[in-house]
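Please keep the 3D view open beside you as you read.

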Amino acid sequence: MYYYNIHTHRKAFAPEEIPVFSHITGKDLAEEPVTLYKSVGIHPWFIAENADQLQKFIQEAEEKNVIAIGEIGLDKRAVVPMAMQESVFREQLLFAEQLQKPVIIHCVKAWEELIALKKNINPSVPWIIHGFRGKPDLAEQLIKQNLYLSFGRHFNSGALQKAWPERCFAETDEENVSIREVYTLLADSLHISTDLLAIQLRQNVRRVFSI
């Protein structure tokens with residue numbers, strides 16, 4: 001059985017785990033794990049006021065092992081002005097359209113802005129909200145906009161029910177836990193076996209990502 005971790009900042013715990021490592025353009029790491037799959041994006045916390053960062057993102061996003069754009073998005077807690085966040089976010093979303101790669105989104109307290117942008121761009125590639133902890137009503141609203149939700153160790157059970165079976169993924173983000181532990185938590189919440197969860201998540205991953 002394989003365990004797909006669509007968003008992580010850490011290396012895999014075991015060979016059966018298949019991580020998508022999230023590389024943040026412009027944030028230097030002391031050591032980045034070598035992984036088969038990556039996502040690349042300019043995180044709203046780390047937007048720089050120069051054109052070089054966007055150009056570097058474009059170069060990195062075209063690498064062969066990059067299967068998604070992200071994490072990118074909007075965060076009203078960030079010190080970066082929202083106007084700048086929205087501009088950089090839009091540029092990356094449009095480039096994702098060019099590359100035909102799915103988008104992994106970081107969104108904090110900016111759901112109205114996100115939905116408005118989704119309607120404006122009308123993307124052809126999937127958009128996935130990572131680390132979703134919102135309530136069922138918000139989950140339903142986002143799913144109606146054709147968005148996917150990715151769940152980590154902490155989640156709202158009602159929201160998971162809304163996304164199950166075809167609109168959900170699993171992740172560990174920055175948590176120092178194995179994706180298998182997250183699978184167990186999700187399966188227990190859904191009152192299904194981990195095997196059944198793994199089968200469905202594998203189908204979801206293969207439908208959305210180039211894996």
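## Before you start

This is a predicted model, in which local features need pLDDT of at least 70, side-chain atom pairs count only at pLDDT 80 or more, and totals for chains, interfaces and linings use all residues. Residues are numbered from 1 along each chain as its sequence is written, and side-chain values use heavy atoms, with hydrogens and water left out.

## The sheet

Let us begin with the strands. Eight strands make up an open sheet, in the order S1-S2-S3-S4-S5-S6-S7-S8, and their pairing is parallel. The edge strands, S1 and S8 (168-170), each pair on one side only. On average, neighbouring strands of this sheet are turned by 25 degrees against each other, direction ignored. Two strands pair if DSSP finds at least two bridges between them. Axes are lines fitted to C-alpha atoms, for helices over the stretch in contact, and angles run from 0 to 180 degrees between N-to-C directions.

Strands S6 (residues 127-129) and S7 (residues 148-151) pair in the parallel sense over two bridges; Ile-129 has Leu-149 of S7 as its bridge partner. Helix H2 (residues 82-99) lies across S3 (37-41), S4 (66-75), S5 (103-108) and S6, and runs at about 160 degrees to S4. Contact, here and below, means heavy atoms within 4.5 Å.

How many residues of S3 are buried? Five of its five residues are, where buried means under 20% relative accessible area, exposed means over 50%, and partly exposed is in between (1.4 Å probe, protein chains only). Tyr-37, Ser-39 and Gly-41 point one way from S3, while Lys-38 and Val-40 point the other way. Five bridges join S3 to S2, and three join S3 to S4, both in parallel. Lys-38 is the bridge partner of Phe-21 and stands opposite Val-66 in S4.

Leaving aside neighbours within four places in sequence, its contacts are Val-40, Gly-41, Ile-42, Gln-53, Lys-56, Phe-57 and Glu-60.

## Backbone details

Most residues other than glycine have a negative phi, and most peptide bonds are trans. The peptide bond from Gly-70 to Glu-71 is cis, with omega near 5 degrees, and Glu-71 lies in S4. Trp-164 and Pro-165 are also joined by a cis peptide bond, with omega about 5 degrees; Pro-165 lies in the loop between helix H5 (157-163) and S8.

Lys-109 is not a glycine, yet has a positive phi of about 55 degrees. Lys-109 is placed in the loop between S5 and helix H3 (111-121) and counts as exposed at 60% relative accessibility. His-191 has a positive phi of about 60 degrees, lies in the loop between helices H6 (179-190) and H7 (194-208), and is exposed, with a relative accessible area of 70%.

## Pocket and cavity

Rolling a probe the size of a water molecule over the atoms shows where empty space is left. On a 1 Å grid over the protein atoms alone, a cavity is a set of points where a 1.4 Å probe fits but cannot get out; a pocket is an open set with protein on both sides within 12 Å along at least five of seven lines; lining residues have an atom within 4 Å of a point. Grid points are joined across faces, edges and corners, and a volume is the space filled by probe spheres set on the points.

The largest pocket has a volume of about 670 Å³. Of its 28 lining residues, His-106, His-130, Gly-131, Arg-133 and Asp-173 lie nearest its centre. S5 supplies the largest share of this lining, three residues.

The structure holds one cavity of 30 Å³ or more, and the largest cavity has a volume of about 60 Å³. Among its lining residues are Asn-5, Arg-10, Phe-13 and Ile-179.

Key
Helix = DSSP H or I, 4+ residues; strand = E, 2+ residues; numbered from the N terminus.
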